[in-house]
Amino acid sequence: MRIFDPHIHMTSRTTDDYRAMYDAGVRALVEPSFWLGQPRTSPASFLDYFDSLLGWEPFRAAQYGIAHHCALALNPKEANDPRCVPVLDDLPRYLAKDGVVAVGEIGYDSLTPAEDAALATQLQLAADHGLPALVHTPHRDKLTGLRRTVDVVRESALAPDRVLLDHLNETTVKEAADSGAWLGFSVYPDTKMDEDRTVAILKECGTDRVLVNSAADWGRSDPLKTRAVARAMLGAGFTDDDVDQVLWRNPVAFYGLSGRLHLDVPAPPDLHEGNSVLRGGE
């Protein structure tokens, strides 16, 4: 079984997670930029973070045979902080880099005017750079947030079929599907979706344009939830081909829209900026 996790925050995870993910079948992932928990105080901290997603994390992932790509953006939560918004001026030079396969996470957190402006600006940046967009739908007031998101996408220069609407659930999936966008489901131990609910939705809406992710981060989350969904699909009567479509071919197709997806993992150098994750070798 081959797995592509299309949304996971490996900055928050350990090298043991990389090993466990590889053993579970994960061979590729996309790490979107997100809020780190501690508020940033300037655009400079974003730039160091972006550099790590383009350098250090691919190095770590390659040690365990996993192809690492990233999506870069001003995230919805920090779009409300005037200290952070100037990073939008720096984004174009980062979006031109080879390891970037989407603009993301963008979207809504609290449905504010500042989030409206950041979403519209970054959808335009995605269109300008020929990239798809990974859109975070809010955790609160989800249906209102989904509808507002779809409206902004329709007004943008980016076609809906180049947009992935993530963190969907039973209340938002139908309207998201009707929008023409790709559908993303984040599977968590306690919150968001679980594997059984995800499988129930797959039975209703099918496997086309559907991506499943762990969205694992610094909170209670599980980087092996993609594998759990695969097992649940097989237990519910889906075929191996269905599982491969959802867990591999769909994310490859979506992020392949960037023209920058490279799934071969080159042998990593021994060191990155003078550092090794191996601590003595293996």
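A nonpolar core is taken here as a set of buried Ala, Val, Leu, Ile, Met, Phe, Trp, Tyr and Cys residues joined through side-chain atoms within 4.5 Å. Buried means under 20% relative accessible area, exposed over 50%, and partly exposed in between (1.4 Å probe, protein chains only). The model is predicted: local features need pLDDT of at least 70, side-chain atom pairs count only at pLDDT 80 or more, and totals for chains, interfaces and linings use all residues. Residues are numbered from 1 along each chain as its sequence is written, and side-chain values use heavy atoms, with hydrogens and water left out.

The largest nonpolar core has 69 residues. Those with the most contacts inside this core are F50, L72, L165 and M233. A second, separate core comprises 15 residues, including V101, L211, Y255 and L261. Contact means heavy atoms within 4.5 Å. Leaving aside neighbours within four places in sequence, L72 is in contact with S33, F50, L53, L54, L91, Y94, L95, V100, A102, V103 and G104.

Helices (H or I, at least four residues) and strands (E, at least two) are DSSP runs, numbered from the N terminus. Eight strands form an open sheet with parallel pairing, in the order β1-β2-β3-β4-β5-β6-β7-β8. Strands β1 and β8 are the edges, and each pairs on one side only. The twist averages 25° from one strand to the next. Two strands pair if DSSP finds at least two bridges between them. Strand β3 (residues 67–72) pairs with β4 (residues 100–107) in the parallel sense over three bridges. In β4, V100 is the bridge partner of C70. Helix α2 (residues 43–54) packs on the sheet and touches β2, β3 and β4. The direction of α2 makes about 155° with that of β3. Axes are lines fitted to C-alpha atoms, for helices over the stretch in contact, and angles run from 0 to 180 degrees between N-to-C directions.

Helix α9 spans residues 225–235. Its buried residues are K225, T226, A228, V229, A230, A232 and M233. They pack against β1 (3–5), β2 (26–32), α8, β8 and α10 (240–255). G237 follows α9 and has a positive phi, near 100°.

T207 lies in the loop between α8 (195–205) and β8 (210–213). T207 is buried, with a relative accessible area of 12%. Not counting residues up to four places away in sequence, T207 touches F238, D242, Q245, V246 and N250. Its side chain makes a polar contact with the side chain of Q245 (2.8 Å). A polar contact is a pair of N or O atoms within 3.5 Å; within protein, one must be able to donate a hydrogen and the other to accept it, and residues adjacent in sequence count only if both atoms are side-chain atoms.
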